[in-house]
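Please keep the sequence and the 3D view open while you go through them.

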Amino acid sequence: MRLLTLRTPAGNRAVRQDGDTLTEIDGFADVGELLRTPDWEATAKAAAGATHPPEGADLDAVVPSPGKIICVGHNYRNHIKEMGREVPEFPTLFAKYAESLIGPNDDLALPQESDAVDWEAELAVVIGKKGRRISEADAPDHIAGYAVLNDVSMRDYQFRTIQWLQGKTWEKSTPFGPALVTQDEFTAGPLMTSAVDGDIQQQTPTGDLVFTPEFLVSYISTIITLNPGDVIATGTPGGVGHAQDPKRYLQEGQTLVTTIEGLGQLKNRVIKEA
């Protein structure tokens, strides 16, 4: 299944996409709220609410208000190499907050305070079942599905200190969506790409992760309970602007496109923050 969060004049609605039709899942304002229902998958499959065309749909972040967004740094070997680091023994973890999320087609505003706004295409894992100390073998039972995310980073703020959070969770900086694609329709491995004005910057199979989604679910759940709707951003591959010579950053008027085969595309116009 493909599940999306649709903005309507009456408010947000969780919807199921079947080809050229978006069907409302009655009683649920967004996909995160749906996932907090134990039988969410059966509920979504049985939905028969009002329908909408996907063309021109105004989509919110697929899970607009996750309880946790846990991100992984240095999780692709080609990115580790370009940043001059060693392959880590354990995952490098940091957090984002829900206020950082935007929809898959929303404008991406460059903050007034940063001149070094960079792209980071990522595969996002969305949790569908609560768990603590989940084994790697059991992790698939706790994954609702996958989505596309771009961990847009303010590099000048990120590297002010050895802690990255201040460069990673800027307000309305992180496109996320367009859909949650359930596990039966997606297996990690397809090509992930980011492009700026059509110029490909990153292009790496999602299967090249150092730490797999299953390992990350197990590792993170050892530390803290994972709840339905929580998001794990699994890291970015090589090709970020900060590692290029000369360095390249997003500029007003550009368009950032992030794609994962089988999951969909984020397309975000870059504007100056008002």
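1. Begin at Pro-246, which sits in the loop between β16 (231-233) and β17 (255-260), where helices (H or I, at least four residues) and strands (E, at least two) are DSSP runs numbered from the N terminus. The peptide bond that joins Asp-245 to Pro-246 is cis, and its omega is about 5°.

2. Before going further, please note that this is a predicted model, in which local features need pLDDT of at least 70 and side-chain atom pairs count only at pLDDT 80 or more, while totals for chains, interfaces and linings use all residues. Residues are numbered from 1 along each chain as its sequence is written, and side-chain values use heavy atoms, with hydrogens and water left out.

3. Another cis peptide bond runs from Gly-177 to Pro-178, with omega near -15°. Pro-178 belongs to strand β13 (residues 174-182), and Pro-178 is also one of the residues that line the largest pocket.

4. That pocket has a volume of about 200 Å³. On a 1 Å grid over the protein atoms alone, a pocket is an open set of points with protein on both sides within 12 Å along at least five of seven lines, a cavity is a set where a 1.4 Å probe fits but cannot get out, and lining residues have an atom within 4 Å of a point. Grid points are joined across faces, edges and corners, and a volume is the space filled by probe spheres set on the points.

5. Strands β1 (2-8) and β18 (264-272) each supply at least two residues of the pocket lining, which includes Arg-2, Leu-4, Gly-264 and Gln-265. The lining divides into seven nonpolar, four polar and one charged residue, where Ala, Val, Leu, Ile, Met, Phe, Trp, Tyr, Cys and Pro count as nonpolar, Asp, Glu, Lys and Arg as charged, and the others, Gly among them, as polar.

6. A search of the whole structure finds one cavity of 30 Å³ or more, and about 110 Å³ of space lies in the largest cavity. Of the 17 residues that line this cavity, the closest to its centre are His-74, His-79, Glu-120, Trp-164 and Lys-168.

7. His-74 lies in the loop between β5 and α3 (77-82), and His-74 counts as buried because its relative accessible area is 9% (buried means under 20%, exposed over 50%, and partly exposed in between, with a 1.4 Å probe and protein chains only). Asp-197, in the loop between β14 (191-196) and β15 (199-205), also has a positive phi, near 50°, and is a residue other than glycine.

8. Which residues form a nonpolar patch on the surface? They are Leu-93, Ile-223 and Ile-224, with about 240 Å² of accessible area together. Leu-93, placed in strand β6 (residues 92-96), counts as partly exposed because its relative accessibility is 31%.

9. Lastly, Asp-151 is in the loop between β11 (143-150) and β12 (153-154), and Asp-151 is buried, with a relative accessible area of 0%. Asp-151 and Asp-141 are ten residues apart in sequence and 26 Å apart in space, C-alpha to C-alpha.

Note on methods. Patches are made of residues with over 30% relative accessible area and no salt bridge: like charges are joined within 9 Å, nonpolar side chains (Val, Leu, Ile, Met, Phe, Trp, Tyr) within 5 Å. Accessible areas come from the Shrake-Rupley method with a 1.4 Å probe; for residues, only the protein chains shown count as cover. A salt bridge is a side-chain nitrogen of Lys or Arg within 4 Å of a carboxyl oxygen of Asp or Glu.
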